[in-house]
Every structure is written in structure tokens, then in C-alpha cells.
Amino acid sequence: MGNRVTRDDFEWVYTEQPHTQRRKEILAKYPEIKTLMGPDPHLKWIVSGMVFLQFLACYLVKDLSWKWIFFWAYAFGGCINHSLTLAIHDISHNVAFGNKQTKWNRWFAVFANLPIGVPYSASFKKYHIDHHRYLGGDSLDVDIPTDFEGWFFCTPLRKLLWLFFQPLFYSLRPLYVNPKAITQMEIFNALAQFSIDLIIYYLWGLKPIIYLIAGSILCMGLHPISGHFIAEHYMFLKGYETYSYYGPLNWLTFNVGYHMEHHDFPSIPGCRLPMVKKIAAEYYDNLPYHQSWIRVLWDFVFDDTIGPYSRVKRLCKLAEES
């Protein structure tokens with residue numbers, strides 16, 4: 001294993017993100033990949049089914065004891081809610097209705113948000129575009145932990161706590177790192193969300209609300225599916241800032257594991273990303289990838305060379321200044 005050194009800063013680089021150049025090369029060699037871009041006609045029906053399944057679950061859990069509320073929130077409802085956040089991720093790239101129907105994509109993301117329990121989709125869209133445009137950008141890519149997170153959460157126990165509270169850091173970090181004005185869509189998102197929460201509370205009481213929100217929090221923290229948060233961009237090997245995962249959990253997560261392919265081609269829906277890898281195999285087969293999200297979480301906690309500081313950072317100019 002060699003000498004193990006605890007990180008005390010991010011990995012600063014002074015090069016462009018790798019996805020831009022790879023995208024150009026792949027499109028020049030395989031122009032047929034452009035045909036994979038465009039909306040996924042099945043996404044809206046899959047997401048709608050998941051939303052209504054959660055509403056049915058709200059009715060079914062209303063009389064359960066609290067221990068079973070939290071059990072089903074973690075084992076079932078939270079998995080659906082986490083999957084819905086990744087559907088919202090895809091929808092943020094306009095793959096539900098296409099680039100010519102951006103408003104329909106935004107409103108549909110608000111609909112997909114409803115079982116999550118708290119408003120999320122509009123704020124996510126606002127910041128996620130920066131994650132792609134300024135990958136690793138200091139003060140621009142809010143996916144990167146703060147200096148405090150990197151400095152404090154550096155032992156196994158603290159990293160375990162950081163993973164557990166990851167939803168809190170993930171939602172509050174943008175307000176500290178790169179605050180932006182509240183948009184009209186965020187207000188609409190909040191009004192729609194809290195209206196549905198009140199209706200559910202009026203019909204079936206508090207337990208279904210706790211089931212939804214607890215599931216969202218628990219399954220975005222210490223949960224096998226949450227391994228994708230760490231797997232995607234934490235630098236497990238020096239020189240590589242994005243990693244894919246090709247295992248079975250992609251079936252539950254709209255192929256978010258195909259993350260190198262996604263950053264190369266954000267406008268291609270998750271259902272077609274395996275085709276990108278197949279067509280341009282020589283560009284991906286020799287890159288490092290993860291085989292298990294559970295193993296990713298284990299290594300993150302217990303390997304002292306990996307932690308919140310294990311991210312590539314770069315200085316980026318705003319697009320308007322380029």
C-alpha cells in the first residue's frame with residue numbers, strides 16, 4: 001500500500017476538466033452518439049408511477065407503529081425517494097420533455113419532488129449546471145466540501161458522522177459557498193411541496209409525512225445507494241476526478257453510476273449512457289471505475305488517505321468572463 005498520508009488540503013490542478021476534450025474527441029470519431037441525445041420517452045411514466053406508489057405508501061403506513069414507520073422509510077420509501085432525486089437530476093438536463101420544453105421539465109421535476117417531502121428540485125437545477133460547467137471550480141462547484149468539512153471530518157468516526165449528515169451538508173453548503181437569489185421556480189416548488197404535505201397531513205396524519213421525510217434523509221446518508229455521492233468525484237486514484245460504477249444499483253438510480261459518460265454527454269438520458277460506453281469503449285475501458293458503492297463507503301470511512309479533502313479543485317473563470 002505504500003506510505004499512507006492523511007490529506008490536509010484539496011488536490012489543486014491547473015488544467016481544464018477532462019470531459020470537454022474527451023467529448024470533442026468522441027464526437028469526432030463517433031458522430032452517431034449525437035443520435036442518443038434527446039428526451040427519454042419512458043422517464044415521465046416511470047417517475048409518475050414512483051410518485052403515486054409513494055402516495056399509496058403514505059396511506060398504508062398511516063396506522064403503523066413508529067418503529068415500522070422508520071423501518072419502511074429506510075428499506076423502501078427512502079430508496080424510492082433517493083431514486084426520485086436522481087430522476088430530478090436527469091430531468092434537470094431536460095431529458096423528460098427535451099430542450100425545447102424547458103418549462104415542462106422544470107414543472108415535472110417539481111412533481112417528482114413531491115414524495116421527497118421538502119422542496120429540492122428547483123434549487124438543485126440552479127446549482128447543478130455549475131457543477132457541470134465548472135467541475136471542481138473553487139467557490140463555484142458546491143458539490144465540493146468546504147475547508148471546514150475537509151479539516152474536521154478526518155477520522156473514521158467523524159467521517160461516519162459526515163456521511164450520516166450528508167443531506168444536511170449537501171443542502172446547506174450552497175448557501176455558504178455560492179449563495180444565489182431565490183428564483184420564482186423555487187417559490188413555486190416550495191408552495192407545491194408544502195401544499196401536498198398539508199393535504200397528506202390532513203388526510204392521514206403525521207406518520208406519512210415522517211415516513212417521506214425520514215426516508216429522504218436516511219437514504220441520502222448512510223445507505224448503499226448513497227455510495228454514489230462519494231464514488232462520483234472523490235479522488236480514490238491520483239489524477240482521476242470522475243469515476244463510473246457499472247453495477248446493479250444502476251437499475252434503481254437511472255444509471256447515475258455511468259458518471260464519466262454522463263459528464264462527457266450531459267444531454268444523453270441515463271437509459272442510453274450504457275450505449276455511449278459500448279460505442280466509445282476504448283475511451284472508457286481503461287479508466288478506473290468502482291465495483292461496489294458499499295465498498296466505496298467502507299473505504300471512505302476507514303482509509304485515512306480518503307476523506308472530504310479528496311477532491312480535485314481548480315480556479316475557473318465565470319462563463320461571461322471567458
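Modeller: A quick word on names: helices are DSSP runs of at least four residues, numbered from the N terminus. Also, this is a predicted model.

Biologist: Thanks! Where does proline 224 lie?
Modeller: Proline 224 is in the loop between H10 and helix H11, which covers 227–233.

Biologist: Is proline 224 buried, exposed or partly exposed?
Modeller: Its relative accessibility is 28%, so proline 224 counts as partly exposed.

Biologist: And what does proline 224 touch?
Modeller: Leaving aside residues up to four places away in sequence, proline 224 touches Tyr74, Leu249, Trp293, Ile294 and Leu297. Arginine 295 is 71 residues from proline 224 in sequence, yet their C-alpha atoms are 9.1 Å apart in space.

Biologist: Switching to helices: how do H9 and H10 cross?
Modeller: The axes of H9 (residues 184–204) and H10 (residues 206–219) come within 7 Å and cross at roughly 135°. The two helices are therefore oblique to each other.

Biologist: Which residues make that contact?
Modeller: H9 brings Asp197, Ile200, Tyr201 and Trp204, while H10 brings Leu206, Pro208, Ile209 and Leu212. Seven of these contact residues are nonpolar, none are polar and one is charged.

Biologist: How many residues does H10 have?
Modeller: H10 has 14 residues and reaches 20 Å from first C-alpha to last, close to the 20 Å expected.

Biologist: What covers the buried residues of H10?
Modeller: The cover includes helix H2 (43–61), helix H3 (66–91) and H9. Among the buried residues of H10 are Lys207, Tyr211, Ala214 and Cys219.

Definitions and conventions. Residues numbered from 1 in each chain as written. Predicted model: local features only at pLDDT ≥ 70, side-chain atom pairs only at ≥ 80, totals over all residues. Heavy atoms only, no water. Axes fitted to C-alpha atoms, helices over the stretch in contact; angles between N-to-C directions. Parallel < 35°, antiparallel > 145°, perpendicular 65-115°, else oblique. Contact = heavy atoms within 4.5 Å. Nonpolar A, V, L, I, M, F, W, Y, C, P; charged D, E, K, R; others polar. Expected span 1.5 Å × (residues − 1). Buried < 20%, exposed > 50% of the residue type's maximum accessible area, 1.4 Å probe, protein only.
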